[in-house]
Amino acid sequence: QTKRIPYIDLGCIVGGVGCGLLFSSIFSVMNLDENTTDLLVWGTILIFGALGMILAYILRRKFGDH
């Protein structure tokens, strides 16, 4: 019998995106070009979202929901 972790994917992805938003706020206070700021903000959000997906995969594999 496997343990099921409901909503682990959603939680990790939303947490990753939230961390991305938090860290991307650093770029908004820098004196950068608007296009550069947008690129860095979206890049940070996407990278942290991807890290959340990887974390969800690892947790699912570790806790037997595979």
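Colleague: How far does helix H2 reach from its first C-alpha to its last?

Modeller: Quick heads-up: this is a predicted model, where local features need pLDDT of at least 70, side-chain atom pairs count only at pLDDT 80 or more, and totals for chains, interfaces and linings use all residues. Expected span is 1.5 Å times one less than the number of residues in the helix. H2 covers residues 34–62, 29 residues in total, with an expected 42 Å, and its reach comes close to that at 42 Å.

Colleague: And how many residues does H1 have?

Modeller: Try its span as a check: H1 reaches 33 Å from its first C-alpha to its last, close to the expected 32 Å. That expectation uses 1.5 Å a residue, and the residue count of H1 is 22.

Colleague: How many helices and strands does the protein chain have?

Modeller: Both come from DSSP runs numbered from the N terminus: helices are H or I with at least four residues, strands are E with at least two. By that rule the protein chain has two helices and zero strands.

Colleague: What percentage of the residues counts as buried?

Modeller: Buried means under 20% relative accessible area, exposed means over 50%, and partly exposed sits in between (1.4 Å probe, protein chains only). Of the 66 residues in the protein chain, the buried share is 23%.

Colleague: Is Thr44 buried or exposed?

Modeller: Thr44 sits in helix H2. Leaving aside neighbours within four places in sequence, Thr44 is in contact with Gly20, Phe23, Ser24 and Phe27. Its relative accessible area is 12%, so Thr44 is buried.

Colleague: Which residue has its backbone oxygen 2.6 Å from a polar atom of the Thr44 side chain?

Modeller: A polar contact is a pair of N or O atoms within 3.5 Å; within protein, one must be able to donate a hydrogen and the other to accept it, and residues adjacent in sequence count only if both atoms are side-chain atoms. The backbone oxygen at 2.6 Å from the Thr44 side chain belongs to Leu40.

Colleague: What is the relative accessible area of Ser24?

Modeller: Ser24 belongs to helix H1. Setting aside neighbours within four places in sequence, Ser24 is in contact with Val41, Thr44 and Ile45. Ser24 counts as buried, with a relative accessible area of 4%.

Colleague: Which residue meets Arg60 in a salt bridge?

Modeller: A salt bridge is a side-chain nitrogen of Lys or Arg within 4 Å of a carboxyl oxygen of Asp or Glu, and a search of the whole structure finds one. The pair links distant parts of the chain, 51 residues apart, with Arg60 in helix H2 and its partner in helix H1. Arg60 is partly exposed, with a relative accessible area of 25%. At 2.9 Å, N to O, the side chain of Arg60 meets that of Asp9.

Colleague: What kind of aromatic pair do Phe23 and Phe48 form?

Modeller: Rings of Phe, Tyr and Trp (its six-membered ring) pair if their centres lie within 6.5 Å; planes under 30 degrees apart are stacked, over 60 edge-to-face, and the rest tilted. The structure holds one aromatic pair. With 5.1 Å centre to centre and 10° between the planes, Phe23 and Phe48 are stacked.

Colleague: How many disulfides are there?

Modeller: A disulfide needs a pair of cysteine sulfur atoms within 2.5 Å. Cys12 is buried at 11% relative accessibility, and Cys19 is partly exposed at 33%. The disulfide count comes to zero.

Colleague: How far apart in space are Ala50 and Cys12, C-alpha to C-alpha?

Modeller: Ala50 lies in helix H2 and is partly exposed at 34% relative accessibility. Ala50 and Cys12 are 38 residues apart in sequence, and their C-alpha to C-alpha distance is 9.5 Å.

Conventions
Residues are numbered from 1 along each chain as its sequence is written. Side-chain values use heavy atoms; hydrogens and water are left out. Contact means heavy atoms within 4.5 Å.
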